[in-house]
Amino acid sequence: MHKFERISEQELYDLRMKIRKVTEEELEPLGNLMDKTNVYPPEMWEIGKRNDLFRMTMPTEYGGMGLGKEQWFTILEEIARGNNAIRMFFHIANGMGWEILYDHGPKELKDEWLPQMAKGEKFIAFALTEEGCGTGADIRSTAVKKGDKWVLNGKKTLISFTDVCDAINIVCITDDSKRKTGGAHTTFMVPVNTPGLRMENMPHMMGCRGVGHAYVYMEDLEIDDKYRMGPVGEGLSVAVNSLQISRGSMAVCMLGICQRLLELCIKRANDRVTFGKPLIQRQAIQGMIADMAAEIHALRLLCRDCAQKFDRGEDIDEISSIAKLFATGVSRRCTDTALEIFGGIGYFEDNPYGPVERLYRDCRALWLEEGPPTIQRLTLLRSVLSKNGEMRTSNYA
């Protein structure tokens, strides 16, 4: 675990308000463009560099601000209020993008890549998922040792940021005989200009448009051993450990969407008059808004608990899955409620109140990132049952 810095509450508040303004005034217009073109506009990079959005969590030794997860989650919530394709980008840039290299890579690569990543000059994607076998121990891509090199073959699917990344962390099988006992997988950082690496664009998504998704092919791809992330056989652990806090991050991203929708719903309910009364005066609408507010507050506290545990160095396997699972339910209810309160106008693009329709679509992608509810329940159940065989759902049971 890396050391992190903690800024004062006033500094955090000022930073949060700054990023909210950047999100609303600079990134939001780009988000509307991205939703139509499905590509990241070049201006996004400059906005990110100008506002430290590539270096929020990067350790100070490599040019970052070094924020811990608790304070970063506060900023991430603000970014998630806007276009969530942009949110995905800065979410990864401040998490898994640099963390795998920092935690598991050789010093040579860290010294070369991390300072450039902090400046927004390099970006690393992540490739685990495969068609027909998901993201678990049954993946089929292989890496075979050949002298001081590895030869990679296989195909990955649903890989994000392939149109803007400079390297991809790829998980492969290195010992097929250890699939059931552990130690079968190894992770490699593969620069995108490596011969044998090929990418094929996938169709556009329902939401979060602009995130370049592709099939990633490895065809007799040779890579030096220095690009191996972590020990041979521990590649799945590298991936799973990185996904733990990323699940908590996904919960924060859904929190940002829900908070934005709550604010839009309150404004709409105050403005919209039916039968001589504003909607906000109708008991049914009041109940909907109250339920949204209660669930959003509970989700924010759950995300904070996850981040605090991570910053203290505690195991977060259970709490991160709880946060992701709970956030999926909250976001499902909040997005449905928002569309109901807005009525027909909420179903249209370019809604004068805000991007209700786009946020509704964007949120569906977040349910799937870092595992759908079924996977979170499985992870949570394993954690609960492993505690001396007792059914405990919290530290207070």
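Student: At 48% relative accessibility, what does Glu 108 count as in this predicted model?

Tutor: A residue is called buried under 20% relative accessible area and exposed over 50%, with a class in between. The value for Glu 108 is 48%, so it falls between those two cut-offs, and Glu 108 therefore counts as partly exposed.

Student: How far apart are the closest N and O atoms of Asp 225 and Arg 228?

Tutor: Asp 225 is partly exposed at 25% relative accessibility, and Arg 228 is likewise partly exposed, at 21%. Their side chains form a salt bridge, in which the separation of the closest N and O atoms is 2.9 Å.

Student: About how many helical turns separate Arg 361 and Glu 357?

Tutor: These two residues form a salt bridge, with the closest N and O atoms 2.6 Å apart. Arg 361 counts as buried at 10% relative accessibility, and Glu 357 is buried as well, with a relative accessible area of 14%. Because they stand four residues apart in helix H10 (residues 356–368), the separation between them is about one helical turn.

Student: How far apart are the end C-alpha atoms of helix H8, and what should its residues span?

Tutor: Helix H8 covers residues 283–311, which is 29 residues. The expected span is 1.5 Å times one less than the number of residues, so the helix should span 42 Å. The distance between its end C-alpha atoms agrees with that expectation, and it too is 42 Å.

Student: Which residue in strand E7 is the bridge partner of Lys 149?

Tutor: Strand E3 (residues 149–159) and strand E7 (residues 214–224) run antiparallel and are joined by eight bridges. Strand E7 is also joined to strand E6 (residues 197–201), again antiparallel, by five bridges. In E7, the residue that partners Lys 149 is Asp 224.

Terms used. Residues numbered from 1 in each chain as written. Predicted model: local features only at pLDDT ≥ 70, side-chain atom pairs only at ≥ 80, totals over all residues. Heavy atoms only, no water. Pairing = 2+ DSSP bridges. Helix = DSSP H or I, 4+ residues; strand = E, 2+ residues; numbered from the N terminus. Buried < 20%, exposed > 50% of the residue type's maximum accessible area, 1.4 Å probe, protein only. Salt bridge = Lys/Arg side-chain N within 4 Å of Asp/Glu carboxyl O.
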